[in-house]
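Work through the exercises below with the sequence and the 3D view side by side. Try each task before reading its solution.

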Amino acid sequence: MAPITSTYRLQLRPDAFTLRDAAALVDYFDALGVSHLYLSPILTATSGSTHGYDVTDPTTVSAGLGGREDLVELSHAARAHGMGLIVDLVPNHVGVAKPRENAWWWDVLTHGRGSEYADFFDIDWAEDNGANGANGADGADGADGKLSLPVLGSQDDLEALTVEKDGEETLLAFYEHRFPVAAGTEFGSPQEVHARQSYRLVPWNAGIINYRRFFAVNELAALRQEDPRVFELCHRELKSWVDEGLIDGVRIDHPDGLADPAEYLGRLRTLLGPEQWLVIEKILGHTEPLDPLLPIDGTTGYDALNQLGGIFVDPAAELELTELSADLTGDDGDGAWLHHTERQFKRDTGRGDLAPEVRRLVRAIQRETGSRCSETELNDAVVVAIARMPVYRSDYSPLAGLAARIVGDMHELAPGHEAAFNVLAQALVNGGEAAVRFQQVCGAVMAKSVEDRLFYRTARLVSRQEVGGNPASIAVSVAEFHLHNADRAKQWPRAMTSLSTHDTKRGEDVRARIGVLSQVPTLWSRLIRDWEDVCPSPDPLTGLFLWQNIIGVWPTDGRSAASVPELRERIHAYAEKAVRESGAKTSWNDPDAGFESDVHRWIDEVIDGPVGDSVSEFVGRIARHGWSDSLGQKLLQLLGPGVPDVYQGTELWEDSLVDPDNRRLVDYGARRSLLEADAATIDATGAAKLHLVRTALTLRRENPSWFDRGEYRPIFASGSASGHLVGFSRGPVGESARIVALATRHSLGLSAHGWRDTRVDLPDGDWVDALSGRPVTSADAREIFAAGPCALLTGAR
C-alpha cells in the first residue's frame, strides 16, 4: 500500500459525477501530487440523492454511481498510478424518505415487531404510548405499539389516503408517498386499512415520533450498530473491499450518534486490520482532547481547520468588530453572550425539535430507577443538564468526571430540584439504556443548536463561525498555532487536516477573504453603516451576517454580481437557508414569506443598486489580501502535521457557500489546462494556488518520511514586521530540516510599510524556494517573499 500523504475529496453523484468519471481523471489527480482519492459514500442511497449519506442498502455499491464493477475499475486505475482509495462510511443511519427503496425499513413497516429487521432500527415499540394525547407527551411516541411516521401535513390528510395495487403488491398511497399493506389487511376504506398496519401516519410537526433519527431529520432512521447482526450486514461489503485490496482507509461519518463509539471503532479496527487508515468525523469541543484510547488515526480535521483560519485573523480588530455587532444587532458576539445563547438554544432544541428523543430518554430513566419524580420534573432536569454539556458526548476517556461536574453544578444552581438530578445521576451510574441515550441526545442537541442555529444567529466575524469552531475566539496566536501543530505531530500524525468539506458553512477562500475584514475594522464598520443607510437590510442581524458572505463571494474579475446570474441565484439560495437556520425571523418549520421576500428584495437591491459599485470597489481593494491568506493557510495545511485533504475544486480559488452549494460540479477541464500551463501568477484565475498545491503535494508524496511522524519545528523572525510571519520546518525524526514553509499574515497592514529589517530564523543550509525556483541567499524577509506571500524552501541541490 502506498503511503497516505494526502487525500483529494470527491463528491460523487449518480446524475453527474460517477465512479467512472473519477477514473477518467486519475491522471490529473496523479499530476496534482495526490496520493489517495477520498470518495463520498458509495453504497446504494435514496434515488435522486446528490450526497449519498441517505444509504438505503448498505450491502451494495450504488448502481447509479456505477456499481461494484466501476469501483474495481477506479481502484485499479488509481493503483496503476501509485495511488489508492479512501471511502466514506455512514454507520449511524439509513435513508427512509422513500420506504420502498429500503428493504429493511419496508419489511419493518409491513410486519412491525414481527419483522426480522425490527431490532435493526432504534424503535420504541412501547405499548403504553399515550397515542390519544395531543402530542404524545404522556407516554411513548408510538401508537399502540406501532411505528409512527411523521409524513402528514395535518391530521386531516388521512382523508387523502388511497389504496392502490402495484402488481401483486397492495400499497397505501398518500400523494407521492407509498407504504406497504400487510397481507390480509387490505379490505375496507383506506382509513380502515391504515388502522390495521404496523405503522401509523402522523403529522410531521406533531412531535410524535418513536424511532431515533439523525439529529431531527425524519428521513434518516438510526441503526443499532451495537447489534452484531446489524454490524455484520452493514460492513460485509466494506470487508470485501479490504480483503480484495480495493481501498486503503475509511472515514466514519458521525460516530457520536452510535450507542458506544469506542466499542464500535474497536470492532471496526478488528475488521479492517491494523494497516487501514481510519479517521472519524469527530467534532471536538473547544478544549476537548481526542480520546487516545480510540483505535483510530485521528479526526477529519475540523480542529486543524479552525487553527489554520484563526492564525490569519488580526486580533487587534476584536474591539471594533464587537462594537459594530453590538450596535447593529444588540449582541456583541463575545464569549459571555455566545455561552449564554448556546445554552438557551440547547434548551429550546431539547424541548422542541428533539423533544421526542428527550421524552424517550426520560422514560428510560424512569424504568431503570423506579423514580417517583414526575415526567415533567425529569424532563426539565435532563434538558438543563444537556444544555450545559460543552461537548457532543462525555463518555470518552479524557472526559471522565465531566457529567458529574455538570450534575453537581445543577444542585447548586437549581435548589429544590435535587430529587430529579439525583435520579438522573442514578441512571447515568447504572450505565444502562438511559445512560446511552443521554450521550446520544447530547450530541444531537449540540449539533442542532450550535452549528445549525447559533452559527447563523451571530455575526461578529462569520469566517470564525465554522463547524467545531469557537466564535468567541476571534483569532489564533502564533504561539497557540505552533503548540497545536506540535501536539498533532506527536499525538496524531496521521489525522486528517481540512480547510473545506461538504459540511463547512463556507469555503476556505470565502473565509479567507472575510477574515481580511479584521485587518480593516474601521473601514468595514464605516462601509456597513453607509451601505445600511443607502440600502437598509430587513433585519440588522441578517444584514450584518449576509453582508460578510456577499463580500466573500463577490466577483474579482472586473464583473459585478449583477452580471453573473448564477451567483445571484446562489446568494439568494444561501440567504434563504441562512435565515431559516437562524430561526430569528423565519424557520424551516414556520417560514415567514413576508420576511423572506424582503430579504430577497434587499439582495437584488444590493446587487443592482449603487451599493453594488461600492462593494465591487471594496472587494477589489481586499481581494489580493484574501488570496494571500488563502495561499498561506493552504501551504500550512499541506505541509503541516497530519494528512491534508484537498476538497474537490479547491486547488483553484473557490467561492462555495454552505451545502448544497459546496457540492456543485467542478470544472476539471479548466484545472487540467492551468496545470499543464504551469502558471503561477497571483490573479483571479487561481493559478498560483494550483501551483502551490501541486508543488506541496508532490514534495510530500515523494518524501513521506519528512512528514509522517516527522519533526515539526516553529520558524520565527526578528525585526519590525516579525509578527507578519508564520512558518515551520519539517524533516525526518532526529535529522535536520528538509523543508521550510513560510506564510505572510495580516498582509494588508504589511503592505503599508513592508518587511523592512525583518529577518527569518532559517535553519542552517542552502535553500531554494520551490514555488519560484529562486535560490535563497539571505535570511532577509524582503528577499524570501519577493516572489509572493508564501515560500516553500527546500534544500538546494
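The model is predicted, so local features need pLDDT of at least 70 and side-chain atom pairs count only at pLDDT 80 or more, while totals for chains, interfaces and linings use all residues. Residues are numbered from 1 along each chain as its sequence is written, and side-chain values use heavy atoms, with hydrogens and water left out.

**Exercise 1. Strand β5**

Task: Decide how many residues of strand β5 (residues 84–89) are buried, and identify the bridges to β2 and to β14.

Solution. 
- Step 1. Buried means under 20% relative accessible area, exposed over 50%, and partly exposed in between (1.4 Å probe, protein chains only).
- Step 2. Six of the six residues of β5 are buried, so the strand is largely enclosed by the rest of the structure.
- Step 3. Gly-84, Ile-86 and Asp-88 point one way from β5, and Leu-85, Val-87 and Leu-89 point the other way; all are buried.
- Step 4. Strand β2 (residues 36–39) pairs with β5 in the parallel sense over four bridges. The partner of Leu-39 in β5 is Val-87.
- Step 5. Strand β14 (residues 249–252) also pairs with β5 in the parallel sense, over four bridges. Here Ile-86 is bridged to Gly-249 of β14.

**Exercise 2. The three-stranded sheet**

Task: Describe the open sheet formed by β8, β9 and β10, and locate the helix that lies across β9 and β10.

Solution. 
- Step 1. The order is β8-β9-β10, with antiparallel pairing.
- Step 2. β8 (162–166) and β10 (177–180) are the edge strands, each pairing on one side only.
- Step 3. From one strand to the next, the twist averages 40°.
- Step 4. Four bridges join strand β9 (residues 169–174) to β10 in the antiparallel sense; Ala-173 has Arg-178 in β10 as its bridge partner.
- Step 5. Helix α4 (residues 103–111) lies across β9 and β10 and runs at about 60° to β10. Axes are lines fitted to C-alpha atoms, for helices over the stretch in contact, and angles run from 0 to 180 degrees between N-to-C directions.

**Exercise 3. Helix α17 and helix α22**

Task: At what angle do α17 and helix α22 (residues 610–639) pack, and which residues meet?

Solution. 
- Step 1. The angle is about 125°, and the axes are 8 Å apart.
- Step 2. That makes α17 oblique to α22. Angles under 35 degrees count as roughly parallel, over 145 as roughly antiparallel, 65 to 115 as roughly perpendicular and the rest as oblique.
- Step 3. On the α17 side, Glu-508, Asp-509, Ala-512 and Arg-513 meet Val-619, Ile-622, Gly-626, Asp-629, Ser-630, Gln-633 and Lys-634 of α22. Contact means heavy atoms within 4.5 Å.
- Step 4. By class, this contact of α17 with α22 has three nonpolar, three polar and five charged residues. Ala, Val, Leu, Ile, Met, Phe, Trp, Tyr, Cys and Pro count as nonpolar, Asp, Glu, Lys and Arg as charged, and the others, Gly among them, as polar.

**Exercise 4. Helices α23 and α24**

Task: Is helix α23 (residues 668–677) roughly parallel or roughly perpendicular to helix α24 (residues 687–702)?

Solution. 
- Step 1. The two helices pack at an angle of about 70°, with axes 10 Å apart.
- Step 2. That makes α23 roughly perpendicular to α24.
- Step 3. Arg-671, Leu-674 and Leu-675 of α23 meet Ala-687, Leu-690 and Arg-694 of α24.
- Step 4. The residues of this contact of α23 with α24 are four nonpolar, no polar and two charged.

Methods: Two strands pair if DSSP finds at least two bridges between them.
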